[in-house]
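Thanks, everyone. Let me put the model on the screen, and then we'll walk through chain B.

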Amino acid sequence: MDTSSAVIKNNYIEVLYSFGKDLQSAVDTALQKYLIDLITSKIAELRKKELLFEAKYECDYQSFSQNISESDEFVINIEENVNKMWENELAEWEFCYKGIDDWSKKLRNILLMS
Amino acid sequence: MVEKTSEYFANVIILAHSTFDDVEYTTDATPERTILQIHGNYGVYKVFITELLSEEIRKYRYYILKKNRVEAGFDNASDPRAIRLKYGKIGSEYAGRYIPHLHLNDKTTIELTENMTFFGFIHWMKENVSLSSNPPGRFARPTIPTSSLPW
């Protein structure tokens with residue numbers, strides 16, 4: 001496993017030792033909690049964007065991406081009534097939809113490390 | 001891959017800043033994919049750029065608008081019109097295939113193209129799009145300069 005080093009302020013170390021805590025395990029625990037927080041915030045952010053796209057296009061990502069590539073009528077309807085530049089939004093929507101999965105897998109990995 | 005992506009995006013952003021006015025951009029990344037979105041002005045035109053690197057595929061969108069009219073739009077989305085041009089028909093067997101193509105005339109016409117790069121798009125735009133409000137005339141068939149890309 002690759003490792004890195006960091007500088008910890010003495011103030012923190014002194015307080016930590018007064019609780020009888022080990023520095024390495026304290027850092028690992030703190031980082032894990034911090035990363036869980038970051039990842040869950042990111043998932044929430046992506047999900048919020050995904051919901052906006054679902055509302056705008058009135059379907060989920062999988063249905064949209066299937067219909068848009070199989071139906072002329074669907075494309076024409078989208079371009080005339082929703083967004084002429086759906087291709088740009090579809091790319092962002094894909095990023096959000098698949099990104100939620102990416103981060104969820106990473107979250108599971110981090111949780112399994114405890 | 002991460003380093004190559006960062007370098008590629010950095011080069012795209014630099015070129016966008018040197019070509020367009022009022023450039024704004026956002027990037028985001030997950031462990032598996034990255035996205036870059038840029039918009040700016042080119043004379044009387046608005047330009048919208050998206051680069052999504054996902055599953056080892058580069059999905060791009062390079063659009064030039066004059067007010068709400070799509071003057072030109074290069075992308076490789078799974079568009080049924082492009083699929084039909086390439087394969088002669090559409091259907092589930094072709095769904096999800098990425099087909100490089102060019103939209104013109106407010107997306108009323110479509111042409112198949114080679115895979116476009118941002119650098120190729122800038123080259124094409126400078127050759128075909130006048131900064132002034134004069135009608136651009138018929139756009140030439142795009143010729144994409146070769147460039148080394150990680151994809």
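In what sense do strand β5 and strand β6 of chain B pair, and over how many bridges? They pair in the antiparallel sense, over four bridges, with β5 at residues 69-75 and β6 at residues 101-104. Within that pairing, B:A72 has B:L104 in β6(B) as its bridge partner. By pairing I mean that DSSP finds at least two bridges between two strands.

Some ground rules. This is a predicted model, where local features need pLDDT of at least 70, side-chain atom pairs count only at pLDDT 80 or more, and totals for chains, interfaces and linings use all residues. Residues are numbered from 1 along each chain as its sequence is written, chains are lettered from A and ligands numbered from 1 in the order in which they are written, and side-chain values use heavy atoms, with hydrogens and water left out.

Now the overall layout. Chain B has three helices and seven strands. They run α-β-β-β-β-β-α-β-β-α from the N terminus. Helices here are DSSP runs of H or I with at least four residues, strands are runs of E with at least two, and both are numbered from the N terminus.

The seven strands form an open sheet in chain B, ordered β1-β2-β3-β4-β5-β6-β7, with antiparallel pairing. Its edges are β1 (21-29) and β7 (109-112) of chain B, each pairing on one side only. From one strand to the next, the twist averages 10°. Axes are lines fitted to C-alpha atoms, for helices over the stretch in contact, and angles run from 0 to 180 degrees between N-to-C directions.

Seven antiparallel bridges link β1(B) and β2(B). There, B:T27 faces B:L36 of β2(B). The hairpin between β1(B) and β2(B) has three residues.

Next pair. β2(B) and β3 (residues 45-54) of chain B are antiparallel over 10 bridges. B:H39 stands opposite B:F48 in β3(B). Two residues lie between the strands in this hairpin of β2(B) and β3(B), and B:G43 takes a positive phi near 65°.

How enclosed is β2? Eight of the 10 residues of β2 (residues 33-42) of chain B are buried, so the strand is largely enclosed by the rest of the structure. Buried means under 20% relative accessible area, exposed over 50%, and partly exposed in between, with a 1.4 Å probe and protein chains only. Across chain B, 48% of the 151 residues count as buried.

One helix to point out. Helix α2 (residues 80-87) of chain B lies across β6 and β7 of chain B, at about 50° to β7(B). Contact means heavy atoms within 4.5 Å.

Last, the aromatics. The whole structure holds 20 aromatic pairs over all chains. B:Y8 and B:F9 have ring centres 6.1 Å apart and planes at 45°, so that pair is tilted. B:Y60 and B:Y62 have centres 5.1 Å apart and planes at 20°, so that pair is stacked. The cut-offs: Phe, Tyr and Trp rings (the six-membered one for Trp) pair with centres within 6.5 Å; planes under 30 degrees apart are stacked, over 60 edge-to-face, the rest tilted.

Are B:Y8 and B:F9 buried or exposed? Both are buried. B:Y60 is buried too, at 0% relative accessibility. B:Y62 is buried, with a relative accessible area of 0%. One aromatic cluster in chain B includes B:Y8, B:F9, B:Y60, B:Y62 and B:W124.
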